[in-house]
Amino acid sequence: MRVGDVIRVIEEFAPLGIQEKWDNSGLCIGSPEDEVTSVLLGLDCTPELVDEAVSCGADMIVTHHPLIFRAPNAVTDDTTLGRSIIFLAQKGISAINAHTNLDCAPGGVNDVLAGKLGLANVDVLNPNGVDAEGRPWGLLRHGTVESQSLQAFLPQVKACLGCEGLRYIEGNKPVCHVAVGGGAC
């Protein structure tokens with residue numbers, strides 16, 4: 001398998017064309033022609049994850065968040081980003097991410113969040129477009145729950161998402177419509 005094969009699989013589900021304009025999803029380090037025998041998955045391409053890739057013999061790292069968000073002015077060992085880029089290149093480890101394209105994709109991060117919360121009648125709020133199958137895509141999902149107090153709903157959110165804490169504002173209204181969006185939302 002080659003890096004380009006992994007890219008094609010990811011893009012079949014979450015095409016780069018649906019990422020937010022400010023995002024940097026896709027291949028950050030490597031060549032589509034590089035061979036891939038082992039892939040390590042992570043949320044962020046941290047130095048610890050890079051070390052783990054070396055330890056386990058992975059030649060590709062796939063993360064949700066981009067290693068390179070904005071083009072650096074220089075790639076030197078003076079910065080964590082620079083050290084990571086240099087180390088990955090020296091070790092021949094490719095790095096790719098699927099960020100807002102995976103958040104926006106039908107069946108992606110925000111649909112999974114809506115499902116975990118048990119939302120009914122889920123739709124895309126303010127869709128950015130439709131995919132080849134006619135399904136809308138965009139960052140936010142909206143759904144409904146049985147009308148309940150916020151104080152009754154919050155423990156359910158914590159349990160469903162495995163959160164230790166939540167930030168919220170008391171609106172003094174029952175919860176029945178819920179909008180869901182990961183990260184950038």
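Begin by selecting helix H6 (150-161) and strand E9 (175-180), each of which supplies at least two residues of the lining of the largest pocket. Helices (H or I, at least four residues) and strands (E, at least two) are DSSP runs, numbered from the N terminus. The model is a predicted one, in which local features need pLDDT of at least 70 and side-chain atom pairs count only at pLDDT 80 or more, while totals for chains, interfaces and linings use all residues. Residues are numbered from 1 along each chain as its sequence is written, and side-chain values use heavy atoms, with hydrogens and water left out.

**The largest pocket**

A pocket is an open set of points on a 1 Å grid over the protein atoms alone, where a 1.4 Å probe fits, with protein on both sides within 12 Å along at least five of seven lines; its lining residues have an atom within 4 Å of a point. The volume of the largest pocket is about 400 Å³, a volume being the space filled by probe spheres set on the points. Next, select Val157, Leu166, Arg167, Val178 and Ala179, which are the closest to the pocket's centre among the 17 lining residues. Helix H6 gives the largest share of the lining, five residues. Coloured by class, the lining shows 13 nonpolar, three polar and one charged residues. Here Ala, Val, Leu, Ile, Met, Phe, Trp, Tyr, Cys and Pro count as nonpolar, Asp, Glu, Lys and Arg as charged, and the others, Gly among them, as polar.

**The salt bridges**

The structure holds four salt bridges, each a side-chain nitrogen of Lys or Arg within 4 Å of a carboxyl oxygen of Asp or Glu.

Select Asp5 and Arg8, whose closest N and O atoms are 2.5 Å apart in a salt bridge. Both belong to helix H1 (residues 3-13), and because they are three residues apart, about one helical turn separates them.

Move to Asp111 and Arg141, which form a salt bridge at 2.6 Å, N to O. Asp111 lies in helix H5 (residues 109-116) and Arg141 in strand E8 (residues 140-148), so the pair ties together parts that are 30 residues apart in sequence. Arg141 is buried, at 0% relative accessibility, whereas Asp111 is partly exposed at 25%. Buried means under 20% relative accessible area, exposed over 50%, and partly exposed in between (1.4 Å probe, protein chains only).

Finally, select Glu133 and Arg135, joined by a salt bridge at 3.8 Å, N to O. Glu133 is exposed at 62%, and Arg135 is partly exposed at 36%.
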